[in-house]
Amino acid sequence: MEVKVGAKIKNALKRDREVIFTTTREDFPLVADHGAGDFIYDIEGNRFIDFSSFVSCYNLGVNGNALIRAAAKKQIDRLMHGMFMDYYEEPPVRLAERLVGMLPPGFGRAFFSNSGTEANEDAIKLVKLFTKRRHIIAFYGAFHGRSMGSLALTASKTAHRAHFGPFVNVSHAPYPDPYRFDGDPEDCSQASIDFIEQNILKREVPPEEVAAIFFEPIQGEGGYIVPPRGFFKELRRLADKHGILLVDDEIQAGYMRTGKFLALSNFGTVADIYTFAKSFGAGFPLAATVARKSLGDTPAGAHAGTFGGNLVASAAASASLDYIKHNMRSLQKGIVRKGGKIMKRMNELKERYEYVGDVRGIGLMIGVELVKSKSTKEYAPNERNSVIMDCFKKGLVLLPAGRSAIRIIPPLTVSDGNIDKGLDILEEAIKKNAK
Ligand SMILES: Cc1ncc(COP(=O)(O)O)c(C=O)c1O
């Protein structure tokens, strides 16, 4: 099938450029009109298989599922927006109870906001409040959002940061990247830990001034980088030694994407604060920052936001969590099996094509890095963009990550048949773009 880009789409793009600020959009003329399950339909009736989950926002299928939509519709007819910051309502409390139930023991309070960047802003305030310390550590390649606090943590591309400083005090350390580490891949974890201890904590800022270390359990925007399994235990040890809190940004990697509710659970340790957004909102703008109960509470007036815990969003998000809870076993089994199937096929392509440099991931969070050659590992952004565009033209939506990786993140509920169809399209595009 060939996607047709007709007058309606061209006109929509033209009108958009007149009145909307440029964001991150590249040149993909996808003007989504509606969607269901594994598919997106555009305004001219083109149908796409979705391997993007709308940037990880529809983990349970495009446009959610019938239970989520029914819960949202029911709440719309009762009360859409409440005054949750000043009075009381039940839907956000029900949601917090469900969310806490998905976390390791000892987690208590949640703060609700509207987006990933806000969830991390909230975490910045909480760690400062709880520790009375001002400095933060994050990682190169990180993406934690674009508002002024979160942007200080973000260090994935200079385009995100240019002209926007000065920032909150943040020092960055190298994120362990087994593929690109110069040496034995297993040593990349220790190199990151050493960098924090020897450079940041000895030369830049004393440990007793560091409030927290923020991290993504798998770097998303930075290139779908999976650290060695022992890394976060080491980071936990380092943090505990100095009374530093760990903030785990589960906004992209979490919510069952890796087969576990928390991506960090794959690494055998826990954080002190978790942040959620994207799929957590079940299609609505909703985010959460959840802290270990022993850290305490916020004094009245220190933090609030008008729309956090919006009632419709909370009802939809609760229905989504209920779905996950009731279908946990089958979801987990499906994610592991389908992820394995995709990895196997992509690894076969890696064997066959010189420019398929690395295939990595956990569950259904998979990155494929394209390079000029396997020996030099030189980034191949043009080839990557061309492969994604060729897939688009054949009806498969994919997203880039990092400098030259492709992310494969279909809805977790994707059918085996649509995985096969999507991978056929991707394989054809990889073959076409091989030199
Ligand atoms: C890991 C991570 N954190 C934070 C964010 C920011 O989320 P939002 O765009 O909702 O502000 C993103 C968005 O891509 C993300 O991937």
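This is a predicted model: local features need pLDDT of at least 70, side-chain atom pairs count only at pLDDT 80 or more; totals for chains, interfaces and linings use all residues.
Local features are described only where pLDDT is at least 70, and side-chain atom pairs count only at pLDDT 80 or more, whereas totals for chains, interfaces and linings use all residues. Residue numbers start from 1 along each chain as its sequence is written.

The domain assignment of the chain gives domain 1 (7–63 + 329–433) and domain 2 (66–326). These bounds come from an automatic or database domain assignment. Taken over C-alpha atoms, the centres of domain 1 and domain 2 are separated by 25 Å. Between them, 27 residues of domain 1 are in contact with 23 residues of domain 2, where contact means that the C-beta atoms of two residues, placed from the backbone, lie within 7 Å. On the side of domain 1 that touches domain 2, α11 (328–352), β11 (356–362), β12 (365–370) and β15 (405–408) each supply at least two residues. Helices (H or I, at least four residues) and strands (E, at least two) are DSSP runs, numbered from the N terminus. The residues on this side of domain 1 divide into 13 nonpolar, eight polar and six charged. In this division Ala, Val, Leu, Ile, Met, Phe, Trp, Tyr, Cys and Pro count as nonpolar, Asp, Glu, Lys and Arg as charged, and the others, Gly among them, as polar.

Strand β15 contains I406. I406 is buried, because 26 other C-beta atoms lie within 10 Å. The cut-offs are these: a residue is buried if 20 or more other C-beta atoms lie within 10 Å of its own, exposed if 12 or fewer, and partly exposed in between, with C-beta atoms placed from the backbone. Leaving aside neighbours within four places in sequence, I406 is in contact with V368, R384, V387, I388, L398 and P400. Of these, V368 is 38 residues away from I406 in sequence and 5.2 Å away in space, C-alpha to C-alpha.

Helix α9 (residues 231–242) has twelve residues and reaches 17 Å from its first C-alpha to its last, close to the 16 Å expected at 1.5 Å a residue. The expected span is 1.5 Å times one less than the number of residues in the helix. The buried residues of α9 are F231, F232, L235, R236 and A239. Seen down the axis of α9, these buried residues fall within an arc of 135°, so they line one face of the helix; the arc is that of the directions from the helix axis to the C-beta atoms. Exposed residues R237, D240 and K241 sit on the face of α9 turned away from its buried side. Cover for the buried residues of α9 includes α8 (188–204), β7 (210–215) and β8 (245–249). After α9 comes G243, with a positive phi near 65°.

Helix α8 has its own set of buried residues: C188, S189, S192, I196 and L201. What covers them includes β5 (135–139), β6 and α9.

The ligand has 13 residues around it, of which S115, G116, T117, I251 and Q252 come nearest. A residue is near a molecule or strand if its C-beta atom, placed from the backbone, lies within 6 Å of it. The shell around the ligand is made up of three nonpolar, seven polar and three charged residues.

Some backbone details remain. A cis peptide bond, with omega about 0°, joins G165 and P166. P166 is placed in the loop between α7 (158–161) and β6 (170–173), and it counts as exposed because it has 7 C-beta neighbours inside 10 Å. M148 is 18 residues from P166 in sequence and 9.1 Å from it in space, C-alpha to C-alpha.

F54 has a positive phi of about 50° although it is not a glycine. F54 lies in helix α2 (residues 53–56) and is buried, with 20 other C-beta atoms within 10 Å. N63, also a residue other than glycine, has a positive phi near 65°. N63 lies in the loop between α2 and α3 (66–78) and counts as partly exposed, with 17 C-beta neighbours inside 10 Å.
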